[in-house]
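Here is a short briefing on aromatic rings and how they pair. Look at the structure first, then read the points below.

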Amino acid sequence: MTSGEKLTVKLNDNDNVATALRNIEAGETTQNVKSLNKIPKGHKISLRKINKGEKIIKYNQLIGIASKDILVGDHVHVDNTDFKSTDHDYEYSTSIKLPNMIEPEKRPTFKGYKRPNGKVGTRNYIGILTSVNCSATAARNIAEVFTKDKLSQYPNVDGVVSFTHGTGCGMADSGDGFDALQRVLLGYIQHPNLAGIVLIGLGCEANQIKFLLDAFDLHENPFFKTMTLQDMGGLRKTIKAGVQCIEEMLPEVNSIERTDQSVEHLSVALQCGGSDAWSGITSNPSLGHAADLIVKNGGTAILAETPEIYGAEHMLTRRAISPEVGKKLVDRILWWEDYVTRNKGSLNNNPSPGNKAGGLTTILEKSLGAAAKGGTTPLNDVLLYAQKAEKKGFLFMDSPGYDPASVTGQIASGCNVVTFTTGRGSCFGCKPSPSIKIATNTEMYNNMIEDMDINAGTVITDNKSIEDVGQEIFDLIVKVASGEKSKSEFQGLGDLEFVPWQIGATM
C-alpha cells in the first residue's frame with residue numbers, strides 16, 4: 001500500500017462493512033482493520049465482529065444476515081451471508097420534500113419533434129409493430145427494404161424499425177399477460193418518437209388487432225395502418241402492402257422538423273444492468289441527481305424493475321405523495337412475492353452471477369443501490385407495466401429486472417430517452433428511444449469506451465461530486481434529446497430489444 005492510499009470506503013457511520021476500492025491482500029490494513037483474507041475490488045470487508053444471526057449493515061440499511069460468525073477483517077459475501085425477506089413494516093408519506101421547481105420561462109430547451117397531440121419526440125422513426133410472433137418475418141422483411149441508402153433522401157427520418165416479439169398467441173385472451181401486451185402495443189402506437197406505425201398480425205391469434213382497436217378507440221389514419229397476413233393473402237402480398245404504406249408515409253414524416261421545446265416534455269427511463277458494488281456509490285446516485293433536475297424542470301423520470309427495489313421499497317413509500325400511492329407500490333411487492341413463490345423461485349435469485357462477481361451479495365444490497373437512481377423528489381405515482389404515464393415528476397413502473405422487458409415497458413409508458421447505468425458493462429440499445437450508458441467505474445469505462453457515454457467512476461478516481469456527474473448526465477440527456485447520437489445509436493443497437501413481459505402460461 002502506498003502512503004496515504006485509501007483502500008476502502010465506508011458509506012455510513014453505522015455500517016459494519018466497507019467496500020474495497022481495489023484488490024486488498026491478506027494482512028493489509030484499512031479503517032484500522034487488518035484484512036484476514038483477500039478482498040476483491042468492490043467487495044466488502046467486516047469492520048467488526050458480526051455474530052451469526054446478526055444484521056449486516058451497508059448504507060445504514062440491512063443487506064443480509066450473518067450465516068455464521070464473521071470475524072473482524074473477514075471477506076463478507078455469499079458464503080457467510082443469508083438473505084432476509086422484507087418484513088412489510090412500512091411508513092407512508094413521511095419524508096416528502098417538494099422540489100424547488102424551476103419557473104417555466106427559465107427551463108432549458110431541446111430540439112424536439114412536436115406531435116399533433118402535444119407530445120414531443122426525441123426521434124422521428126416509422127415503426128412496424130406485430131400483434132403476434134407469426135407476423136414477425138413480415139415486419140422484419142418490410143423494415144429491411146428501407147436501407148440507409150434508400151432513406152438517405154429522407155434526412156429527418158431516423159429509420160424504419162420492426163418491433164417483433166415471441167408472444168401474442170397460445171395465451172389467455174384476458175388477465176395480466178394479455179393486458180400487459182395490449183398496453184405495450186398501445187404505448188408504441190402512441191409514442192412520440194414514432195411518427196408512423198404499421199401494425200401487422202396473422203389474423204387468427206389470441207391477441208386480435210380488432211380487440212386492441214376497440215378497447216382503446218383507435219382508428220386508422222395516414223400514419224397508422226393495420227393488416228393481417230390472412231386478409232392480405234399471404235406473406236409476399238403483406239410485405240408489398242407494408243412497404244407501400246411506409247413509402248406513402250415517408251415524405252410527410254420527413255417534412256417534420258425539430259423545434260425548441262421545454263425539457264418538461266422529456267420522460268426519462270431510469271434503468272440499470274450488469275450492476276456492481278459501485279452502482280449504488282457512483283452512477284446510480286449521480287443519475288438520481290439528474291432525475292431530480294428533470295423533475296425540477298417539469299419533466300418525468302420513471303424508475304422500474306420491482307425485484308430490484310425489493311428491500312428498498314420502504315424508502316420509496318416514505319417519499320410517496322400520498323399513502324394511497326405508497327400502498328400501490330406495496331401491492332406490487334406483494335404480487336411479486338406471490339409470483340416467485342408460485343413459480344418456485346426467490347427474489348434473491350437476483351443478483352446475477354455477474355452482479356455477485358462485482359461485489360453484490362444479496363438483492364437487498366443491490367436494491368438499495370438501484371433505488372438511488374430515483375433521486376430525492378416525491379413519488380407521484382406507481383404504474384402497472386407499460387401503463388401510460390398520466391402524471392409528471394418521479395414515477396415508478398412495475399416490471400421485471402430483465403432489462404429488455406423493463407425498458408420496453410418504460411418506453412410504452414412514454415419514455416422518450418433511456419438512461420442506463422452499468423458496472424460490469426452493457427451494450428444495450430432500445431429503439432425508438434435513445435439509450436445513454438453510464439459507467440460505474442473508470443476501469444470498465446476505459447475497457448468499453450465505444451459503448452459508454454459517461455464515466456461516473458470519476459466520483460472515485462477524480463473526486464468529482466455526485467452533483468457534478470449528475471449535471472453532466474442531465475446535460476447529455478438534453479443533447480441526445482436534441483438529436484446527438486448516443487454510443488449505442490452509433491453502433492446500430494436497438495432493433496432486437498423489444499421484449500414485452502410475458503406473464504402467465506403459454507398454452
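**Aromatic rings in a predicted model**

Tyr385 is buried, with a relative accessible area of 1%; buried means under 20% (1.4 Å probe, protein chains only). This is a predicted model, where local features need pLDDT of at least 70, side-chain atom pairs count only at pLDDT 80 or more, and totals for chains, interfaces and linings use all residues. Residues are numbered from 1 along each chain as its sequence is written, and side-chain values use heavy atoms, leaving out hydrogens and water.

**Ring pairs**

- Rings of Phe, Tyr and Trp (its six-membered ring) pair if their centres lie within 6.5 Å; planes over 60 degrees apart count as edge-to-face.
- By this rule there are 12 aromatic pairs.
- Trp335 and Trp501 have ring centres 5.8 Å apart and planes at 85°, so they pair edge-to-face.
- Trp335 lies in helix α9 (residues 323–342) and Trp501 in the segment after α16 (487–490), so the pair ties together parts 166 residues apart in sequence. Helices are DSSP runs (H or I, at least four residues), and strands likewise (E, at least two), numbered from the N terminus.
- Trp335 is buried, at 16% relative accessible area.
- Trp501 is buried too, at 9%.

- Tyr385 sits in the loop between β19 (379–383) and β20 (393–397), 116 residues from Trp501.

**Cluster**

- Ring pairs join Trp335, Trp336, Tyr339, Tyr385 and Trp501 into a cluster.

Methods: Phe/Tyr/Trp six-rings, centres within 6.5 Å; stacked < 30°, edge-to-face > 60°. Buried < 20%, exposed > 50% of the residue type's maximum accessible area, 1.4 Å probe, protein only.
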